[in-house]
Amino acid sequence: MSYAKELLVAQLAVQRAARLTKQVFADSAKGTVSKSDASPVTIGDFGAQALIIAALKKNFPDDEIVAEEEAAKLREDDSLAEHVWNLVKGTRLDDEKAEKEVLGGSVQSKDEMLDLIDKGDSKGGRSGRIWAIDPIDGTKGFLRGGQYAVCLGLMVDGDVKVGVLGCPNLPVDDAAELSADIGNGEGRGVIFSAVQGEGATSRPLTTGALEEGKRIGMKKITDLSAASFCESVEAGHSNQGDAAQIAQKLGITRPSVRMDSQAKYGSIARGAGDIYLRLPVSKTYQEKIWDHAAGDLIVREAGGQVTDVLGRRLDFGHGRTLAENKGVIAAPAAVHDQVLKVVQEVLSV
Ligand SMILES: Nc1ncnc2c1ncn2[C@@H]1O[C@H](COP(=O)(O)OS(=O)(=O)O)[C@@H](OP(=O)(O)O)[C@H]1O
Ligand SMILES: [Mg+2]
């Protein structure tokens, strides 16, 4: 089964949605968010979700969609809805042909936009074709002007087949040093993609025609003491104390790189870092499938292994959450077992 069309639509949909998020950030930096007093995250989330769902529904009308937002809040607040609508209406790819022929052109009205946003209400599950969307992952990073990602994954019968991550603030250069900093903002914007069984690639996140992707792969490490690892910025999302202990036991001497969003998965997939640890803080929190679907496939297709802290593969067939998993350990396949063993010792699981 080829997923060439799904991949192309997903990449272009992510390109276009990322353009909208950048516009929202630029407006908020200039203080021109005006019109409604909603946060840039709310505006960007709704707008990007609407644009992605529009592209999916044009191309794959029968597919189900799991997305983070529902339109109720916009239906109650017309000034907010109007603001989002102006952005959605005004955001197109520079590549007219791709915009029209692949994405199917603009959304026709504010009401159509609201209905599209509400199409992300699938319960998920183990059968059929289901897309998972996180329009702005790493909302805190987005607000800080740091790392965030526009994320889209296609699951078929619970298995991720296509994954695309648009990371507007990561360097284009796969060899750039791992850092959450965005420097002066130049040379930024990358799309990571993967199709099951076909490997992972990176290409610049432009708004024009898609460049040929470059094959990416995880770094081959044999000596963990030279490894670098990344984790969440927010201490409430991943236990940083446990991570420091694990790193010490593995002999890792470099400080962790704290980065928001699935940009962490993309970064290790291209060998800019080696390990991503997401260690449960709360006993009851269930990870959301849209926070992991694309990243999980991209890392595995780049030569990595991704499990939870109990060593189980992430199970995307349980519904909107990873109900049967706890935490995430992503590392090059050759050292994943070694990392997992130490994680389990430290967490006593
Ligand atoms: N308690 C708890 N534990 C684990 N994860 C949680 C928790 N609460 C929220 N979230 C989800 O974390 C998503 C962001 O993850 P990040 O790795 O980007 O974290 S961080 O922003 O660096 O802190 C974030 O995604 P976004 O909301 O899209 O930013 C949430 O879905
Ligand atoms: Mg998220």
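Q: Where is Asp 291 placed?
A: In this predicted model, Asp 291 sits in the loop between β10 (275-278) and α10 (293-301).

Q: Buried or exposed, that Asp 291?
A: Asp 291 is buried, because 24 other C-beta atoms lie within 10 Å and the cut-off for buried is 20 or more.

Q: What does Asp 291 touch?
A: Not counting residues up to four places away in sequence, Asp 291 touches Asp 134, Asp 137 and Gln 262.

Q: And where is the place of Asp 134?
A: Asp 134 belongs to strand β2 (residues 129-137).

Q: Is Asp 134 buried or exposed?
A: Asp 134 is buried, with 32 other C-beta atoms within 10 Å.

Q: Which residues is Asp 134 in contact with?
A: Leaving aside neighbours within four places in sequence, the contacts of Asp 134 are Glu 68, Cys 151, Trp 290 and Asp 291.

Q: Which residues does the UniProt "binding site" annotation cover?
A: The unreviewed UniProt entry puts that annotation on Glu 68, Asp 134, Ile 136, Asp 137 and Asp 291. They are spread over 224 residues of sequence, yet they cluster in space, with a largest C-alpha distance of 9.9 Å.

Q: Changing topic to helix α1: what should its 27 residues span?
A: At 1.5 Å a residue, helix α1 (residues 4-30) should span 39 Å. The end C-alpha atoms of α1 are 39 Å apart, so the model agrees with that value.

Q: What comes just after α1?
A: Gly 31, which takes a positive phi of about 75 degrees.

Note on methods. Residues numbered from 1 in each chain as written. Chains lettered and ligands numbered in written order. Predicted model: local features only at pLDDT ≥ 70, side-chain atom pairs only at ≥ 80, totals over all residues. UniProt positions renumbered as here; feature names shortened; annotations may be inferred. Helix = DSSP H or I, 4+ residues; strand = E, 2+ residues; numbered from the N terminus. Buried ≥ 20, exposed ≤ 12 C-beta atoms within 10 Å, placed from the backbone. Contact = placed C-beta atoms within 7 Å. Expected span 1.5 Å × (residues − 1).
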